[in-house]
Amino acid sequence: MKILIADDSKIARKGVLKSLTAAFSGEFDYREASNGFEAVESFAAYRPDLVFMDLTMPEKNGIEALEEIKAMNPAAKVVIITADIQKKTTEIVSELGATGILNKPVTAEKISQIITKLV
């Protein structure tokens, strides 16, 4: 399984990776992106099976990056990770085709539930 982790916080990316390692028993390869622009570029080049993406990132936010990724591949599986729990945000990313939404902080249990649902 190929996974892309996009978050401007290196600590947050490492937290998602740690949760993935604890939750996912299968082998996986991963790439990291530190902003929305890199996320879109990495998606195009790497073609991950699953993307974990923060909403608030520099250069291109998670909503803009989600739109571009879905334009490239409407079947892309993108899980939005956010501390923004407003209903409007949830509605926007759902309408754009996000596969799921995880509220921060991300835990191995939350990652496991998403992977079980998607794989």
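**Close-up views of a predicted model**

At 14% relative accessibility, Lys60 counts as buried (buried means under 20% relative accessible area, exposed over 50%, partly exposed in between, with a 1.4 Å probe and protein chains only). The model is predicted, so local features need pLDDT of at least 70 and side-chain atom pairs count only at pLDDT 80 or more, while totals for chains, interfaces and linings use all residues. Residues are numbered from 1 along each chain as its sequence is written, and side-chain values use heavy atoms, with hydrogens and water left out.

View A. Helices (H or I, at least four residues) and strands (E, at least two) are DSSP runs, numbered from the N terminus. Leaving aside residues up to four places away in sequence, Lys60 touches Asn35, Gly36, Phe37, Val40, Ala65 and Glu68; contact means heavy atoms within 4.5 Å.

**View B. Asp54 in strand S3.** UniProt, in an unreviewed entry, places the feature "modified residue: 4-aspartylphosphate" at Asp54. UniProt positions are given in the numbering used here, feature names are shortened, and annotations may be inferred rather than shown by experiment. Asp54 counts as buried, because its relative accessibility is 4%. Not counting residues up to four places away in sequence, the contacts of Asp54 are Ala6, Asp7, Asp8, Gly62, Ile81, Thr82 and Lys104.

**View C. The buried face of helix H3.** Gly62, Ala65, Leu66, Ile69 and Lys70 are the buried residues of H3. Seen down the axis of H3, these residues fall within an arc of 130°, so they line one face of the helix; the arc is that of the directions from the helix axis to the C-beta atoms. They pack against helix H2 (36–46), S3, strand S4 (78–82) and helix H4 (87–95).

**View D. The aromatic pair of Phe28 and Tyr30.** The structure holds one aromatic pair. Phe28 and Tyr30 form this pair, which is tilted, with 6.4 Å centre to centre and 50° between the planes. Rings of Phe, Tyr and Trp (its six-membered ring) pair if their centres lie within 6.5 Å; planes under 30 degrees apart count as stacked, over 60 as edge-to-face and the rest as tilted. Phe28 is partly exposed, with a relative accessible area of 23%, and Tyr30 is partly exposed at 30%.
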